[in-house]
Amino acid sequence: MTAIIVIVVVVILAAWLVSMYNSLVKMRNNRENAFADIDVQLKQRHDLVPQLVETVKGYAAHEKDTLERVINARNGAIGAKTIDEKIVAENALSSALSGLKITLEANQNFLQLQEEIADLENKLSSVRRYFNSATKEYNNAVETFPSNILAGMFGFRKEVMFDLGEQRAALEEAPKIKF
């Protein structure tokens, strides 16, 4: 009878240890999966940033040229003296003003890219929170008794959170707008 009780206790203890080990493995895998989600969002951001930069460059160059053409055409229209000069100057002004329409379309593309990046940043923030939550759950299991004993025996170690580090101070400041 005592042998049966010992065997039952050993089996229950073994089942409990296996369950605890499996929980640690699941939490570690959950954390790694959470980081894979961050990786996907970072890849998308890395792909979008060059598009945004090129759009801004193109928009800025086109906008400058367009505005200069509109100003010059307007000044030409104001300074036109004869009917023929006025016709030519007004046609030039109409042509320059149609360039503003293209500038507005480029601005729409820029705004759309900007919205995509803002959406991506929100998603990235969300997956970072999920990653940190998974890391906290894992770390709690690795550091609390009695699972810390099993964790130490099988090489489970405390993991780092996804922290903004030095960027945190810069992000807490109000943005400075310059033109």
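What is the relative accessible area of Lys-123?

Author: Lys-123 has a relative accessible area of 40% and is partly exposed. Buried means under 20% relative accessible area, exposed means over 50%, and partly exposed lies in between, with a 1.4 Å probe and protein chains only. The model is predicted, so local features need pLDDT of at least 70 and side-chain atom pairs count only at pLDDT 80 or more, while totals for chains, interfaces and linings use all residues. Residues are numbered from 1 along each chain as its sequence is written, and side-chain values use heavy atoms, with hydrogens and water left out.

The term stands for a side-chain nitrogen of Lys or Arg within 4 Å of a carboxyl oxygen of Asp or Glu. Side chains of opposite charge can pair when their charged atoms come close. Asp-119 and Lys-123 are 4 residues apart in helix α2, which puts about one helical turn between them. Asp-119 is also partly exposed, at 38% relative accessibility.

The structure holds 4 salt bridges. One of them joins Arg-31 and Glu-159 through their side chains, at 3.8 Å from N to O. Arg-31 sits in helix α1 (residues 2–79) and Glu-159 in the loop between α3 (147–153) and α4 (167–172), so this pair ties together parts that are 128 residues apart in sequence. Arg-31 is buried, at 12% relative accessible area, whereas Glu-159 is partly exposed at 30%. Another salt bridge pairs Arg-45 with Glu-121, whose closest N and O atoms are 3.0 Å apart. This pair also links distant parts of the chain, with Arg-45 in helix α1 and Glu-121 in helix α2 (residues 83–143), 76 residues apart. Glu-121 has a relative accessible area of 27%, so the residue counts as partly exposed.

The whole structure has 6 aromatic pairs. Rings of Phe, Tyr and Trp (its six-membered ring) pair if their centres lie within 6.5 Å; planes under 30 degrees apart are stacked, over 60 edge-to-face, and the rest tilted. The rings of Tyr-138 and Phe-156 have centres 6.4 Å apart and planes at 55°, so they form a tilted pair. Tyr-138 belongs to helix α2 and Phe-156 to the loop between α3 and α4, 18 residues apart. Both are buried: Tyr-138 has a relative accessible area of 1% and Phe-156 one of 3%.

Leaving aside residues up to four places away in sequence, Ala-151 touches Leu-24, Val-142, Phe-156 and Arg-157.

As for the whole protein, there are 4 helices and 0 strands; these are DSSP runs numbered from the N terminus, helices being H or I of at least four residues and strands E of at least two. Buried residues make up 23% of the 179 residues.

Terms used: Contact means heavy atoms within 4.5 Å.
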